[in-house]
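Dear colleague,

I am passing on the structure we spoke about, and the sequence and coordinates follow directly below. After them I have set out what was found, and I would be glad if you read it with the model open.

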Amino acid sequence: MTTHYAPQLEESHTSRRVSLELILLIVAGLFLLCNSFALALVRGEMQPAYWVHLVVWILCALSGHWWLERHLPRRDPLLFSL
């Protein structure tokens, strides 16, 4: 009887792990966004070149999260986020 509930518990634990990783990546992205905006304000210029690193970081974070979710679903959610 416990075998019917085991996959459901595993799915819940996995989704919690994924959501923790996504939350941490979003916090890191917001940190980068705020710092990029502050740097642009201090310099007095809003050039697109200042935002390229942020776009590259977002693309790498999303693709890395997708790849890890596909290939290592039981990973530690803190390692990639850090």
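Please keep in mind throughout that this is a predicted model.

I begin with L82, which lies in the segment after α3, the helix that covers residues 77-81. L82 has a relative accessible area of 86% and is exposed, because the cut-off for that class is over 50%. Together with L20, L24 and L78, L82 makes a nonpolar surface patch of about 380 Å².

The other finding concerns charged side chains. Side chains of opposite charge can pair when their charged atoms come close. The count of salt bridges comes to two, and E21, E69 and R75 are linked in a network of them.

In one of these, the side chains of R75 and E21 meet with 2.8 Å from N to O. This pair links distant parts of the chain, since R75 sits in the loop between α2 (52-71) and α3 while E21 belongs to helix α1 (residues 2-43), and the two residues are 54 residues apart. R75 also forms a salt bridge with E69, where the closest N and O atoms are 3.2 Å apart.

How buried or exposed are the members of this network?

How values were computed
Residues numbered from 1 in each chain as written. Predicted model: local features only at pLDDT ≥ 70, side-chain atom pairs only at ≥ 80, totals over all residues. Heavy atoms only, no water. Patch = residues over 30% accessible without salt bridge, like charges linked within 9 Å, V, L, I, M, F, W, Y side chains within 5 Å. Areas by Shrake-Rupley, 256 points an atom, 1.4 Å probe, with all protein chains shown as cover. Salt bridge = Lys/Arg side-chain N within 4 Å of Asp/Glu carboxyl O. Helix = DSSP H or I, 4+ residues; strand = E, 2+ residues; numbered from the N terminus. Buried < 20%, exposed > 50% of the residue type's maximum accessible area, 1.4 Å probe, protein only.
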